[in-house]
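This report describes a single protein chain, going from its helices and core to its charged pairs. The structure is shown below.

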Amino acid sequence: MNTKHALDAGVPEDKIMQFPGGAESISAILAGRVDGTVLSAPTAMMMLKDPKLSELERATPFTGLMRADGTPEAMATAIAMRTDDTELRDAYNARLAEMKADGTVAAIMERYGFSSEDSAPERTTASICAGN
């Protein structure tokens, strides 16, 4: 998906290199083969804890590809449940909403080095599945 976003943002295809994983892309930066890489925020934060990578930094704030309506294009991570498990889904969603409202989610994110800018955009499952 990162490659598609780069192409959609106008990065020429001949300027894009793909790697099998984060470690390989970091190695390419260190070797001077690329100027930067795109990693998920958690992956970047975990990798940059390595003292051997102290010369690298996470680009913050970072604005990625924006949709035509002005909202950020973001990859969605999900919790998967069987479609029959509506009671479980509803209980999960209700508890998650409570934890967001009472600051628990923000506190957990902060404990692991995330800021509010790392929060997922508020979108419904239906809108994501519809490609919105």
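Arg95 is partly exposed, with a relative accessible area of 41%. The model in which this value was computed is a predicted one. Arg95 forms a salt bridge with Glu98, and the closest N and O atoms of this pair are 3.0 Å apart. Glu98 is itself partly exposed, at a relative accessible area of 44%. Both residues belong to helix H4, which covers residues 86–101; because Glu98 and Arg95 are 3 residues apart there, about one helical turn separates them.

Asp90 and Arg89 make another salt bridge, with an N to O distance of 2.8 Å. Asp90 is partly exposed, with a relative accessible area of 41%, and Arg89 is partly exposed as well, at 38%. Asp85 is paired in a salt bridge with Arg82, the closest N and O atoms lying 3.3 Å apart. Arg82 counts as exposed, at 62% relative accessibility. In general, side chains of opposite charge can pair when their charged atoms come close.

| Asp85 | Arg82 | 3.3 Å |

The length of H4 can be checked against its residue count. H4 has 16 residues, which at 1.5 Å a residue should span 22 Å; the C-alpha atoms at its ends are 22 Å apart, so the two values agree. After H4 comes Gly103, which has a positive phi, near 90 degrees.

Which residues of helix H2 are buried? In this helix, residues 22–30, they are Ser25, Ile26, Ala28 and Ile29. Viewed down the axis of H2, the buried residues fall within an arc of 155 degrees, so they line one face of the helix. These buried residues pack against helix H3, residues 41–47. Just after H2, Gly32 has a positive phi of about 80 degrees.

Ser25 is found in H2. Ser25 counts as buried because its relative accessibility is 4%, and the cut-off for burial is under 20%. Apart from neighbours within four places in sequence, Ser25 is in contact with Phe19, Val34, Thr37 and Leu39.

The largest nonpolar core has 7 residues, namely Ile26, Ala28, Ile29, Val34, Met47, Leu53 and Leu56. H2 supplies the largest share of this core, with 3 residues. Leu53, a member of this core, touches Ile26, Leu30, Met47 and Leu48 when residues up to four places away in sequence are not counted.

## Exposed positions and distances

Where does Pro20 lie? Pro20 is in the loop between helix H1, residues 2–8, and H2. Pro20 is exposed, with a relative accessible area of 76%. Its C-alpha atom is 12 Å from that of Leu39, a residue 19 positions apart from Pro20 in sequence.

Lys49 lies in the loop between H3 and H4. At 66% relative accessibility, Lys49 counts as exposed. Lys49 and Glu87 are 38 residues apart along the chain, and their C-alpha atoms are separated by 40 Å.

Thr125 is placed in helix H6, residues 125–129. Thr125 is exposed, with a relative accessible area of 62%. From Thr125 to Ala107 the C-alpha to C-alpha distance is 24 Å, for a sequence separation of 18 residues.

## Confidence

The chain has an average pLDDT of 86, and 98% of its residues score at least 70.

Methods:
Residues numbered from 1 in each chain as written. Heavy atoms only, no water. Salt bridge = Lys/Arg side-chain N within 4 Å of Asp/Glu carboxyl O. Buried < 20%, exposed > 50% of the residue type's maximum accessible area, 1.4 Å probe, protein only. Helix = DSSP H or I, 4+ residues; strand = E, 2+ residues; numbered from the N terminus. Expected span 1.5 Å × (residues − 1). Arc of directions from axis to C-beta. Contact = heavy atoms within 4.5 Å. pLDDT = per-residue confidence, 0-100. Core = buried A, V, L, I, M, F, W, Y, C linked by side-chain atoms within 4.5 Å.
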